[in-house]
Amino acid sequence: METIKDIFKIGYGPSSSHTMGPARAAKIFLNRNLDATTFKCILYGSLARTGKGHLTDYIIKKTFNNKPIEIIFDFDKTYNYHPNAMKFIAYQDHKKIDEWLVFSVGGGTLKELNEPRTLTDATIYPHHLMNDILKYTKDLKMGLDEYVEKYDEKDLDEYLLAILKQFKKTINQGLYASDILPGGLQVQRKAPLFYQKFLSNPTLELLTYTYALAMSEENASGNLVVTAPTCGSCGVVPAVILSYQKMNEVSDEKLIKALKVAGLIGNLAKTNASISGAEVGCQGEIGVACAMSAAAISYLKGASNEIIEYAAEIALEHHLGMTCDPVKGLVQIPCIERNAIAAMQANNASDYAILAGNKHNVTLDSVIEVMNETGHDLHTKYRETATGGLAIHQKK
Ligand code: SF4
């Protein structure tokens, strides 16, 4: 597994795989072809299907600044390696000088064709299965947060403090923005309304909904957010841990430790399956975010490593099969509400695991494997192409 920094990345919404990844790719390609006079970018698969709604073309043009670039949407070709493919081509006086086929595989991460997803040059953890991590940490009497501290990059605390600050900043902005979300669906922001309700009736439930809505609505507006593990699912983790902090006076240091536990769960899903809606449907985004949050909140409540694993397993198991069918290709319906509901589900999964004790029949590793299989079995119309489900049955 690679660093958990890759799970939490600051960037502009609304989609880590459709805006953050393409923006990073465009920047890399531009920097290696500074002498080129014109460019072309061909979008394939899900990037072609939902690229308009997810602002892929907009972000690529923006990254190229004033350099001339033609964007082509190829709706026919899809690569088996991953559905989010893009090909950049650079020309100098009409002569092709460079070409790069690159994939945005979820959470803003880029890979080249057939690049391995499990063991890579950036692998820094010795284990890639939760069962092995549980055994290892049990033998050494080590918490999951300490496990991450042992193997991840040395400046992780500093990095996660910046992530925490951005969570708070974005949520705070979302609490006071009351405009209609862009894109034409006329979706009215709900976070300010929920916040008013919370102020007159301050409960954990209301605050959890409020924070999840604030973060997701900021994402839908194309503002600065943090992937957790993706932009589409960015509201779940911060809503769960920050509402708990507010109601229970938990320190930032403790939340950073909880983020390490959450990041570990996201990392296992990313390594052994996928966190890309275009590859495995929304179970890989909202389902994984819910599992990360259930693990984090269980950690904050003092649960053992085994209970944390159980809570994450429950949270993901009950999102298995969840499709990705965003209306108009925007990250709004069903995405925003889905963040709010999943945040509450994470709290429920944690409470359930703590009540039930650590004996359970299905492991997190098995559920991640099943998510991967189920996701690949989903028809492409349910994998971020906006050609099935709610995307075509939305009432006018
Ligand atoms: S439905 Fe889920 S996976 Fe699809 S765009 Fe929305 S949040 Fe992302």
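Author: A disulfide is a pair of cysteine sulfur atoms within 2.5 Å. The model is predicted, and local features need pLDDT of at least 70, side-chain atom pairs pLDDT 80 or more, while totals for chains, interfaces and linings use all residues. Residues are numbered from 1 along each chain as its sequence is written, and side-chain values use heavy atoms, without hydrogens and water.

Reader: How many disulfides does a search of the whole structure find?

Author: The search finds 0 disulfides.

Reader: Why is Cys282 called buried?

Author: Buried means under 20% relative accessible area, exposed over 50%, and partly exposed in between (1.4 Å probe, protein chains only). Cys282 has a value of 10% and is therefore buried. Cys335, at 16%, is likewise buried.

Reader: What makes α6 and α8 roughly perpendicular to each other?

Author: Angles under 35 degrees count as roughly parallel, over 145 as roughly antiparallel, 65 to 115 as roughly perpendicular and the rest as oblique. Helix α6 (residues 156-176) and helix α8 (residues 204-220) pack at about 90°, with axes 8 Å apart, so the pair is roughly perpendicular. Their contact (heavy atoms within 4.5 Å) includes Phe167 and Ile171 of α6 and Tyr211 and Met215 of α8.

Note on methods: Axes are lines fitted to C-alpha atoms, for helices over the stretch in contact, and angles run from 0 to 180 degrees between N-to-C directions. Helices (H or I, at least four residues) and strands (E, at least two) are DSSP runs, numbered from the N terminus.
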